[in-house]
Amino acid sequence: MQAYELLHAEGYLVMKKGAGTFIATNAAAHSPVGLREEKIEPALYDFRHGVPSWDAFPMDRWQKAFQDACRMATPEILGYGPAEGSEALRQEIARLLRSTRSIPAVPERIIITAGATQAIDIISRLFLQRGHQVIVEDPSHTVLRGIFSFSGGEVISVPVDEEGLCVQDIENSIAEQSGGKAAVKLIYVTPSHQFPAGMTMSQQRRAELLDYARQKEAYIIEDDYDSEYRYIGQKTTALAGLDSSDRVIYVGSFSKSLFPALRIGYVVLPASLIESFLAIKCITSRMTPALEQEALARFIRSGQYARHVNQMSKLYSGRRSCLVQSLAQCFQDRARTYGDEAGLHLLIQLKTPVKEEAIADKAIQSGLKIYPARDYFVASKPESASFLLGYANLTEHQIRTGIELFAEAEECCRREKGLL
Ligand SMILES: Cc1ncc(COP(=O)(O)O)c(C=O)c1O
């Protein structure tokens with residue numbers, strides 16, 4: 001009985017008088033299925049995306065910052081500190097955002113979170129109840145879509161083109177996917193480097209999106225997950241830097257610029273949302289580990305963070321060029337790449353009629369891991385095999401050999417299908 005009551009209280013069961021107990025029709029939306037990652041087996045050539053370079057991480061300097069943070073820790077720092085995070089770190093982030101992203105950020109509007117993931121989770125809990133809609137780019141990250149639907153929101157997928165989110169298609173998409181009952185609360189976008197397709201949102205689209213959000217009184221989540229790295233063209237001002245009506249919630253992360261296991265990200269909020277965001281953070285996790293925050297504040301203040309990002313930018317730029325050249329040499333006109341101007345990955349679409357899984361399975365036999373991109377697409381799946389290739393954590397030698405193996409695996413699959 002207790003189990004039934006609990007499931008009922010959580011919305012998984014509906015009890016109908018005289019008829020019995022039934023599984024709620026939207027119960028599936030509460031269970032994020034298939035998002036647990038499989039155990040990651042090491043491979044010689046692993047093109048996993050979203051991970052920075054390990055070999056070039058300045059562990060000695062990070063260790064020094066961490067030791068200093070431990071040595072200087074006060075009882076206040078080691079206790080139940082403020083949910084909004086370290087004052088020192090929030091000041092450093094505000095400075096970084098003003099100088100590198102043209103966002104007029106002040107520490108009072110910044111809250112430290114366990115990565116961008118927690119920031120987006122709390123925003124979802126804050127805004128989305130059943131019947132509320134969140135506009136999400138299509139394609140987009142499966143985990144992000146999972147967070148939104150887990151909060152009970154209705155995810156409306158809206159296509160992107162070479163200029164980013166097709167703002168003019170939002171209303172049509174709502175009508176098609178939700179019968180037109182619009183209660184748009186949130187719009188999730190990755191304007192600097194669309195995930196996973198890689199385009200940068202045009203100025204025109206940015207203006208249209210800000211206009212749309214203003215009209216609908218919706219908030220835009222700007223996920224700026226890898227904006228530190230741009231190799232071609234100018235860095236664009238963040239959407240939050242163009243927003244004059246407090247409609248943008250800016251989310252940043254140190255997962256790509258330092259390392260994901262640090263679990264430090266942050267959110268820059270309109271003043272009206274701070275109290276309720278903090279209330280949710282307080283009851284769900286309260287704090288982000290304090291010593292890491294103090295160490296990071298020191299690391300930024302000493303100039304080592306900027307130096308590291310600068311050095312990684314040069315390193316990744318070389319790795320990126322090597323990848324683009326290797327793909328051109330090995331695949332010639334049998335593939336097209338997207339989104340290689342920025343970030344730590346690119347998207348490749350093959351023009352041959354061979355299945356992604358077949359190529360990925362063949363590749364693994366020679367120590368190569370490549371990651372199919374199909375699941376990121378919702379409404380219109382790519383017509384042919386597509387992969388997301390991360391290159392930050394591979395040497396140029398590994399990239400060249402890996403891409404040769406990739407092309408061999410693809411050729412082998414074509415031969416087996418009788419296409420050669
Ligand atoms: C588009 C996008 N947003 C957010 C994240 C999550 O970042 P974090 O590690 O800060 O939670 C990722 C991670 O890869 C991502 O690809």
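This is a predicted model: local features need pLDDT of at least 70, side-chain atom pairs count only at pLDDT 80 or more; totals for chains, interfaces and linings use all residues.
**Helix H7.** I started with H7 (residues 170–178), which lies across S5 and S6. I looked up its direction too: H7 runs at about 140° to S6.

Next I traced the strands. I found eight of them in an open sheet, in the order S4-S11-S10-S9-S8-S5-S6-S7, with mixed pairing. S4 and S7 (164–165) are the edge strands, each pairing on one side only.

I checked how S7 is held to S6: the two pair in the antiparallel sense, over two bridges. Val 160 has Leu 165 in S7 as its bridge partner.

Then I went to S4 (residues 110–113). Four bridges join S4 to S11 (residues 265–268), and these strands run antiparallel. Opposite Ile 110 I found Val 268 in S11. Are the faces of S4 covered or exposed? Both are covered: Ile 110 and Ile 112 are buried on one side, Ile 111 and Thr 113 on the other.

**Helix H6.** In H6 (residues 142–150) I listed Leu 144, Arg 145, Ile 147, Phe 148 and Ser 149 as buried. Their cover includes H5 (115–127), S5, S6 and S8. Just after H6, Gly 152 takes a positive phi of about 95°.

**The ligand.** Last stop. Of the 13 residues around the ligand, I noted Gly 115, Ala 116, Thr 117, Ser 253 and Ser 255 as coming nearest. H5 gives the most to this shell, with three residues. I sorted the shell into four nonpolar, eight polar and one charged.

Technical notes:
Residues are numbered from 1 along each chain as its sequence is written. A residue is buried if 20 or more other C-beta atoms lie within 10 Å of its own, exposed if 12 or fewer, and partly exposed in between; C-beta atoms are placed from the backbone. Two strands pair if DSSP finds at least two bridges between them. Two residues are in contact if their C-beta atoms, placed from the backbone, lie within 7 Å. A residue is near a molecule or strand if its C-beta atom, placed from the backbone, lies within 6 Å of it. Ala, Val, Leu, Ile, Met, Phe, Trp, Tyr, Cys and Pro count as nonpolar, Asp, Glu, Lys and Arg as charged, and the others, Gly among them, as polar. Axes are lines fitted to C-alpha atoms, for helices over the stretch in contact, and angles run from 0 to 180 degrees between N-to-C directions.
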